[in-house]
Amino acid sequence: MAVICLASAKGSPGVTTAGLAFALTWSRPVVLAECDPAGGDIAAGYLRHLELDGGHGLMQLVVAELRGQAGEQFWSQLVDLDPPGAQRLLLPGIATPAQAASLDPNWYGLASFFASLEHRDPRFDVIADCGRLVAPHTPWPLLSRADLVLLAVKPTLASLLPGRAAVQTLLAGAGPGSDGRIGLLVVGDGDYDDRAVSRQLGVPVIAHLPHDDRSARVLAEGGTVRTRRPLLRAAAAAEGKLMRAITGRRDRLRGPGKREAIHADV
């Protein structure tokens, strides 16, 4: 199990849409955590039919963490994305950007808690939507603790130019063991293929999600998810690539003869 962070440099390359597509096609238990300091979008978009009242989510978990009760309260803060299985769960984000500053002292504890979920029963992966890196109150402790950070970019010059600075910022803040932690998620079509995108930004492309207006609209506004649509098919196929990247990095950190086993089924 792993913690995977999604982020963007500038503009709107579809981080929230990508995170939701991953979560809805993930083969193992997963929590999609809305950690964007600009606020969460899924409760008012894909899950708007539930008319959630804001009584669940990240802020409530922060209060529980301060009381030393995060482990007890965590599961009650989640919303089932694909009921009734409780295998694909959402931790809703903050309601407004004004709440973001109150999260700053708590990201270290939340990052450790997310990482601990792979040692619990049941074990869950965590996919964290961290929003734009240029926003105030970016959750850097969570990004630095993640097994994999995917910077979402479009294969266009307008997206790659700020992407270069974002990659350097991520690499500078990655800390020890950063080799293999930073990768790219290419979203949509443009002037560059994946090899050129990787060459331009200096880190590997881990996955590519195609342009699919119909599926993106459903994920943004609600409706019936069609798993055979291009976006959802690509998201499902990307899981193995993400896990192989994480397993490879863990193996390198362990050294020869200590191969990671928990993702061998991917």
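A pocket is an open set of grid points with protein on both sides within 12 Å along at least five of seven lines, and its lining residues have an atom within 4 Å of a point. Keep in mind that the model is predicted.

**Exercise 1. Find which helix gives the largest share of the lining of the second largest pocket.**

Step 1: Look at its lining of 16 residues, where G54, H56, G93, I94 and A95 are the closest to the centre.

Step 2: Sort the lining by class, which gives eight nonpolar, seven polar and one charged.

Step 3: Now trace the lining back to the elements: helix 2 provides the largest share, with three residues.

**Exercise 2. Describe the largest pocket by its volume and its lining.**

Step 1: The volume comes to about 620 Å³.

Step 2: Around this pocket there are 34 lining residues, and S12, P13, G14, V15 and T17 lie nearest the centre.

Step 3: Two or more lining residues come from each of helix 1 (15-25), strand 5 (125-132) and helix 8 (213-221).

Step 4: By class, the lining has 15 nonpolar, eleven polar and eight charged residues.

**Exercise 3. Work out how helix 6 and helix 7 are set against each other.**

Step 1: Two packed helices are described by the angle between their axes and the distance between the axes.

Step 2: For helix 6 (residues 157-173) and helix 7 (residues 194-201), the angle is about 50° and the axes are 9 Å apart.

Step 3: Helix 6 is therefore oblique to helix 7.

Step 4: On the helix 6 side, L160, G163, R164 and V167 make the contact, and helix 7 answers with V197, Q200 and L201.

Step 5: These contact residues comprise four nonpolar, two polar and one charged.

**Exercise 4. Say what lines the second largest cavity.**

Step 1: This cavity has a volume of about 30 Å³.

Step 2: Its lining consists of A9, K10, P13, A152, V153, S159 and P162.

**Exercise 5. Is Q69 buried, partly exposed or exposed?**

Step 1: Locate Q69 in the loop between helix 2 (58-66) and helix 3 (70-73).

Step 2: Its relative accessible area is 29%, so Q69 is partly exposed, as this class lies between 20% and 50%.

Key. Residues are numbered from 1 along each chain as its sequence is written. This is a predicted model: local features need pLDDT of at least 70, side-chain atom pairs count only at pLDDT 80 or more; totals for chains, interfaces and linings use all residues. Side-chain values use heavy atoms; hydrogens and water are left out. Axes are lines fitted to C-alpha atoms, for helices over the stretch in contact, and angles run from 0 to 180 degrees between N-to-C directions. Helices (H or I, at least four residues) and strands (E, at least two) are DSSP runs, numbered from the N terminus. Angles under 35 degrees count as roughly parallel, over 145 as roughly antiparallel, 65 to 115 as roughly perpendicular and the rest as oblique. Contact means heavy atoms within 4.5 Å. Ala, Val, Leu, Ile, Met, Phe, Trp, Tyr, Cys and Pro count as nonpolar, Asp, Glu, Lys and Arg as charged, and the others, Gly among them, as polar. Buried means under 20% relative accessible area, exposed over 50%, partly exposed in between (1.4 Å probe, protein chains only). On a 1 Å grid over the protein atoms alone, a cavity is a set of points where a 1.4 Å probe fits but cannot get out, and a pocket is an open set with protein on both sides within 12 Å along at least five of seven lines; lining residues have an atom within 4 Å of a point. Grid points are joined across faces, edges and corners, and a volume is the space filled by probe spheres set on the points.
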